[in-house]
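Reader: Could you walk me through this model? I am new to reading structures and would like to ask as we go.

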Amino acid sequence: MTTSAEPSPPARHARAAAEDGDRLSGEQAPGRLPDFFLVGHSKSGTTALYEMLRRHPRIFMPDLKEPVFFAQELPRQAHRYEAPATLEEYTSLFAPAEPGQLTGEASASYLWSRTAAERIARAQPDARIIAILREPASFLRSLHLQCVQSHYETEKDLRRALDLEESRREGRNIPPRSLWPQVLLYSEHVRYVEQLRRYHERFAPEQVLVLIYDDFRSENEATVRRVLRFLDVDDAGPVETVEANPTLAMRSQRLDELVHAVSVGAGPASRAAKAALKALMPQRIRRPALKAVQRRFVVAEPEEPDADLMLELRHRFRGEVLALSEYLDRDLITLWGYDSVA
């Protein structure tokens with residue numbers, strides 16, 4: 001006699017996504033959906049903007065910053081946390097919002113996802129969309145460092161990682177920990193016009209706000225107030241500026257895995273080590289101690305970028321910057337220094 005096995009987590013997520021895809025365009029959601037979406041890009045100020053917006057009394061954003069629910073092609077298990085797999089799990093994130101508050105979420109993968117814009121529009125056609133764009137060469141350098149830090153990427157040299165794109169499109173040279181291989185196709189991330197069109201085709205112009213990272217960095221408070229006005233909430237109150245998600249270089253992925261395993265007690269040896277630490281020091285001391293170990297031995301300030309590679313990338317993506325300048329009717333060629341790139 002045979003019995004059916006319990007479906008694997010990826011299969012369960014895929015099945016739930018398919019079922020919820022039908023529900024998004026049909027019956028009422030089993031709870032509250034966001035009023036606005038901060039769709040990305042990563043390493044472009046999205047975390048800082050998320051932290052600053054959620055401090056506003058009229059805005060509720062859940063503690064889980066990256067639900068990635070509407071990016072159907074991205075696996076939920078690609079994160080160190082368990083992202084919501086069902087519509088019920090997703091809407092439960094917004095249940096604590098008070099009456100009169102706007103709800104929002106921030107998933108930086110939504111901008112380059114090929115499915116998120118359509119799924120968001122089906123679920124919330126009146127939603128407001130916020131995107132942040134960064135100069136391509138500096139963006140890809142920071143994104144690569146983030147991928148190494150997140151263990152999606154094992155190739156620490158950006159040039160070699162870029163050279164691996166073609167083989168990775170064919171499913172080869174994928175790092176063992178990369179449950180999210182799409183993120184390693186770096187050039188796909190800077191197809192800005194294509195990404196923005198997916199949202200402009202589904203939302204009215206007044207529902208989409210495109211920010212430039214340089215403005216957010218140089219005029220932080222003014223940019224946040226602009227976002228608040230876009231969301232139709234009071235922007236007269238104080239705005240607390242926040243620095244978040246700095247770009248760091250990874251010294252050792254193995255040591256990072258060890259520190260993480262000890263902090264959560266994953267595996268017999270790690271559970272024993274965590275138990276020993278708990279016996280030796282209270283939680284208020286233990287957590288800062290583990291973070292100090294990570295800062296001292298696991299991560300470091302990144303080295304200066306390879307000037308030749310940065311110039312090559314600026315040559316490579318000059319056409320995209322020119323197209324984006326025309327699309328947004330803003331001179332990004334001059335702002336980003338591409339006027340000096342032949």
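Reader: Which residues do ring pairs link into a cluster?
Author: In this predicted model, the cluster linked by ring pairs consists of Phe37, Phe69, Phe70, Tyr90, Phe94 and Tyr110. The count of aromatic pairs comes to eight.

Reader: How are the rings of Phe37 and Phe70 set, and why is the pair called edge-to-face?
Author: Their centres are 5.6 Å apart and their planes stand at 85 degrees, and because an angle over 60 degrees counts as edge-to-face, the pair gets that label. The two residues come from distant parts of the chain, 33 residues apart, with Phe37 in strand S1 (residues 36-40) and Phe70 in the loop between strand S2 (59-60) and helix H3 (87-92).

Reader: Are those two buried or exposed?
Author: Phe37 and Phe70 are both buried.

Reader: And what kind of aromatic pair do Tyr199 and Phe203 form?
Author: Tyr199 and Phe203 form a stacked pair, with 6.3 Å from centre to centre and 20 degrees between the planes. Tyr199 has a relative accessible area of 1%, which is under the 20% limit, so this residue is buried.

Reader: Which residues have the most contacts inside the largest nonpolar core?
Author: That core has 58 residues, and those with the most contacts inside it are Phe37, Phe70, Tyr110 and Tyr199. Apart from it lies another core, of 25 residues, which includes Leu49, Phe216, Leu228 and Leu231.

Reader: What does Tyr110 touch, leaving out residues up to four places away in sequence?
Author: Leaving those out, Tyr110 touches several residues, among them Phe37, Phe70, Ala116, Ile120 and Tyr199.

Reader: Changing topic, what is the order of the strands in the open sheet of five?
Author: The order is S2-S3-S1-S4-S5, and the pairing is parallel. S2 and S5 stand at the edges with a single partner strand each, so one side of each has no neighbour in the sheet.

Reader: How many bridges are there between S1 and S4?
Author: S1 and strand S4 (residues 128-133) pair over four bridges, in the parallel sense.

Reader: One more spot, please: where does Glu206 lie, and why does it count as exposed?
Author: Glu206 lies in the loop between helix H8 (192-200) and strand S5 (208-212). Its relative accessibility is 57%, and because that is over 50%, Glu206 counts as exposed.

Reader: Which residues does Glu206 touch, not counting those up to four places away in sequence?
Author: With those left out, Glu206 touches Arg128 and Phe230. The C-alpha atoms of Glu206 and Arg128 are separated by 8.3 Å, while the two residues are 78 residues apart along the chain. Arg128 also has its charged end over the ring of Phe230, 5.4 Å from the ring centre.

Notes. Residues are numbered from 1 along each chain as its sequence is written. This is a predicted model: local features need pLDDT of at least 70, side-chain atom pairs count only at pLDDT 80 or more; totals for chains, interfaces and linings use all residues. Side-chain values use heavy atoms; hydrogens and water are left out. Buried means under 20% relative accessible area, exposed over 50%, partly exposed in between (1.4 Å probe, protein chains only). Contact means heavy atoms within 4.5 Å. A nonpolar core is a set of buried Ala, Val, Leu, Ile, Met, Phe, Trp, Tyr and Cys residues joined through side-chain atoms within 4.5 Å. Rings of Phe, Tyr and Trp (its six-membered ring) pair if their centres lie within 6.5 Å; planes under 30 degrees apart count as stacked, over 60 as edge-to-face and the rest as tilted. A charge sits over a ring if NZ of Lys or CZ of Arg is within 6 Å of the ring centre and within 35 degrees of the ring normal. Two strands pair if DSSP finds at least two bridges between them.
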